[in-house]
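Take a look at the structure below.

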Amino acid sequence: MSGSWFAYSASAVSGPRQADRATADAFAHIADEVLSQRTQALVDGQAVRHGSGRANAKTRMSAQLKKDQETAIQSLRSRKTLLAELGEAYTGADTRVAVDRAVVAGGKATVEVTEHTTLTYKKVRGDEPDTTDFRTRYELTLTSKKGGGWELTSLKSRDAGPVAVNEPVSAKANVITDDGNQYPDGTPASTKYPATAKPKVKTGGAYDYTAMAQYAEKYWRNYNPSYRKFNGAGGDCTNFISQALKAGGWKPVPGTATDYRNWWYDSSKGQSTSWVGANEWAWFTLSNQRAANLENVYQMDVGDVLQADFNKDGSKDHTMMVTYRSRAGMPYLTYHSTNTYRKSLASIIASYPDARYFAYRT
């Protein structure tokens with residue numbers, strides 16, 4: 001298990017202080033235990049491998065969190081059943097948790113951790129990718145107890161994108177105020193499986209779709225330092241997909257940054273709103289005929305883009321790219337916020353069956 005390298009400062013006892021190594025390790029272990037249990041609810045047979053840190057009997061879940069955990073595991077088992085109906089299962093998994101920051105003050109601890117989970121796909125159809133990976137960030141709240149122990153009272157995701165496959169609670173959707181204007185919002189796609197395939201040539205045309213996918217799979221976890229990050233400003237998903245599209249041949253359209261008909265990025269001057277905003281990207285893409293909507297999400301191929309309106313409020317909340325498609329017609333998507341590698345479309349729909357989806361043939 002990855003722990004923390006925080007040092008205890010004796011002079012800061014009266015105020016907020018960074019947790020010492022042993023305390024940070026105890027926090028990491030309890031988070032690892034909770035998240036590994038959730039992962040286990042999705043896996044067939046084999047026990048989930050997880051961090052090997054030593055358990056601390058004095059660090060435990062609160063009574064309410066135990067109830068919440070039981071509810072979460074039941075929800076995830078239901079998701080596992082739904083995934084099986086869609087032809088997906090996992091034969092193994094590895095969940096690891098690392099502490100990024102741990103601050104103790106007044107008998108309370110606020111801890112930021114990052115979970116990295118790898119799930120191994122069961123070869124149901126035979127052409128699934130080997131694994132899907134994701135990294136998601138959580139904030140933990142703990143309360144000190146008599147005798148020097150700690151009680152975990154809450155564990156909340158800090159990412160704005162779709163929930164991780166082992167996360168039961170829906171992510172918060174971005175909501176925009178309707179300004180009364182009309183925009184090229186596009187046509188929602190059917191989620192019925194299977195769909196008539198619409199393959200495309202991956203290389204040699206106007207765009208290099210293989211290069212788009214390769215870019216996304218290179219930088220899904222380790223961000224490209226040549227670009228700014230927007231994780232704390234509404235999410236990095238559309239910024240990341242714009243980078244991948246540029247890598248595959250999309251050309252910039254210069255002009256006013258706030259005009260959605262323009263699309264560009266400048267390392268010193270900023271970027272257009274269409275580069276980073278999910279709605280603005282869709283308006284740019286459709287108005288400039290860079291891509292057209294597909295009738296069914298399962299028609300997507302490598303380099304195509306999927307957007308989701310999780311709560312059907314008319315505002316698109318998330319942008320993803322297909323980086324692999326199985327022969328059986330299952331697209332697998334890679335994206336930022338939550339940072340995710342080759343997550344099946346079936347898994348996304350199993351988490352958000354009532355969302356509105358928009359599929360783009362780039």
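Why is helix α6 (residues 278–287) largely enclosed by the rest of the structure? Eight of its 10 residues are buried, so the rest of the structure largely encloses α6. Buried means under 20% relative accessible area (1.4 Å probe, protein chains only). Helices (H or I, at least four residues) and strands (E, at least two) are DSSP runs, numbered from the N terminus.

This is a predicted model: local features need pLDDT of at least 70, side-chain atom pairs count only at pLDDT 80 or more, and totals for chains, interfaces and linings use all residues. Residues are numbered from 1 along each chain as its sequence is written, and side-chain values use heavy atoms, with hydrogens and water left out.

Stay with α6. Its buried residues include W281, W283 and F284. The buried residues of α6 pack against α4 (237–247), α5 (273–276), β10 (292–293), β11, β12 and β15. After α6 comes Q289, with a positive phi near 55°.

Now turn to K316. It sits in the loop between β11 and β12. K316 is buried, at a relative accessible area of 3%. A polar atom of its side chain lies 2.9 Å from the backbone oxygen of D185. Beyond residues up to four places away in sequence, K316 touches A278, N279 and A282, among others. Contact here means heavy atoms within 4.5 Å.

Next, the nonpolar cores. Such a core is a set of buried Ala, Val, Leu, Ile, Met, Phe, Trp, Tyr and Cys residues joined through side-chain atoms within 4.5 Å. The largest has 38 residues. Its largest share, five residues, comes from α7. Apart from it lies another core of 26 residues, including A282 and Y360.

Methods. Buried means under 20% relative accessible area, exposed over 50%, partly exposed in between (1.4 Å probe, protein chains only). A polar contact is a pair of N or O atoms within 3.5 Å; within protein, one must be able to donate a hydrogen and the other to accept it, and residues adjacent in sequence count only if both atoms are side-chain atoms.
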